[in-house]
Amino acid sequence: MPSPIDLHSHSTVSDGLLSPVELMYYAAEKGVKVLALTDHDEIAGLADAAAAATKYGLQFINGVEISVTWNRRTIHIVGLKIDPANAELQTGLQRLRDSRHVRAQGMANGLARVGITGSLEGAYAHASEGGIISRSHFARFLVEKGFAKNVGAVFKRFLVKGKPGYHEHQWASLEEAVTWIRNSGGIAVLAHPGRYDIGRTNMLNLLHEFRELGGKAIEVVTGSHTPEMVPHFARLAHQFELLSSAGSDYHGPGQSYFEMGRLPDLPSNCTPVWHDWPEMQAH
Ligand code: AMP
Ligand code: MN
Ligand code: MN
Ligand code: MN
């Protein structure tokens, strides 16, 4: 039986393919009972999603996924149960979204240098009005124009460090992200730790620092983890006295490793981040 709890997902407000309302409908259809919407650096989808979730019988969790620069590397911090009305959180996220426009221009300049023109307009054409601009939108433009056969190949060839469309960028600090989340009443969760290719010592330092700053949980089950990573991060969660979270990181049909509603359970030795949540009484 897959788990009915999914605490990481994306809509068109960031780089997902379904609108917040479509996402809620889809999740309910697929048997999900508790869903968090965690768009990158943006919370504009939460109100529509919450209303739709009520309509379709889903328990909804307000969330966000904040882009962070830690030790010159990009990592992601998910905030769960944040208050979307919190001014400090809103201002912080606005700064990140504004900086995304500057970065997009830098990416387009890099691509122009290898002869790919029109990528700025092309990427924005894939983004939704009032939503963020991201590398995923550039990837969709590049696939559309035939520069690579799929989004995965596009990232490898154009959008990762050392490639023409990669533009060095300064996101929020780890302290800022955790503070914004905590001060808005939320729970800070280190997203998909298995995706950070930082070595053991850096990972231990990251977990230590994250916990010192008030981080509460790490994703143990996620669409980004191989089967071997799940028990590995379950052990680290235990070692650092962190709670465990689970989320598909769903971006739309065919976009993610896990189809909506197919997430496995957390290992039994984990304390779920939702262990004391009233929403979870029935699940
Ligand atoms: P950004 O925040 O603009 O740097 O975009 C990051 C997003 O790009 C991630 O959240 C993923 O959705 C997507 N992404 C990153 N790497 C890959 C990859 N190798 N293949 C497909 N999508 C990716
Ligand atoms: Mn994404
Ligand atoms: Mn992420
Ligand atoms: Mn994500």
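**Ligand 1 and manganese sites**

The model is predicted, with local features requiring pLDDT of at least 70 and side-chain atom pairs pLDDT 80 or more, while totals for chains, interfaces and linings use all residues. Residues are numbered from 1 along each chain as its sequence is written, ligands are numbered from 1 in the order in which they are written, and side-chain values use heavy atoms, without hydrogens and water.

Two further side chains approach oxygen atoms of ligand 1: a polar atom of aspartate 15 at 3.0 Å and an N or O atom of serine 136 at 3.2 Å. Ligand 1 alone exposes 500 Å², of which the protein buries 75% (Shrake-Rupley method, 1.4 Å probe).

The shell around ligand 1 (residues with a heavy atom within 4 Å) includes Arg100, Arg103, Ser134, Arg135 and His251. By class, the shell has two nonpolar, five polar and four charged residues. Helices H3 (87-113), H5 (135-144) and H6 (151-159) each supply at least two shell residues (helices are DSSP runs of H or I, at least four residues), and H6 gives the most, with three.

The manganese ion (ligand 4) is coordinated at 2.1 to 2.2 Å by His8 (NE2), His10 (NE2), Glu65 (OE) and Asp249 (OD); donors are N, O and S atoms within 2.8 Å of the metal (3.2 Å for Na, K and Ca), and sites may look incomplete because water is not among the atoms. Along the chain, the donors of ligand 4 follow the spacing H-x1-H-x54-E-x183-D. The manganese ion (ligand 2) is 4.7 Å from the manganese ion (ligand 4).

How values were computed
A polar contact is a pair of N or O atoms within 3.5 Å; within protein, one must be able to donate a hydrogen and the other to accept it, and residues adjacent in sequence count only if both atoms are side-chain atoms. Ala, Val, Leu, Ile, Met, Phe, Trp, Tyr, Cys and Pro count as nonpolar, Asp, Glu, Lys and Arg as charged, and the others, Gly among them, as polar.
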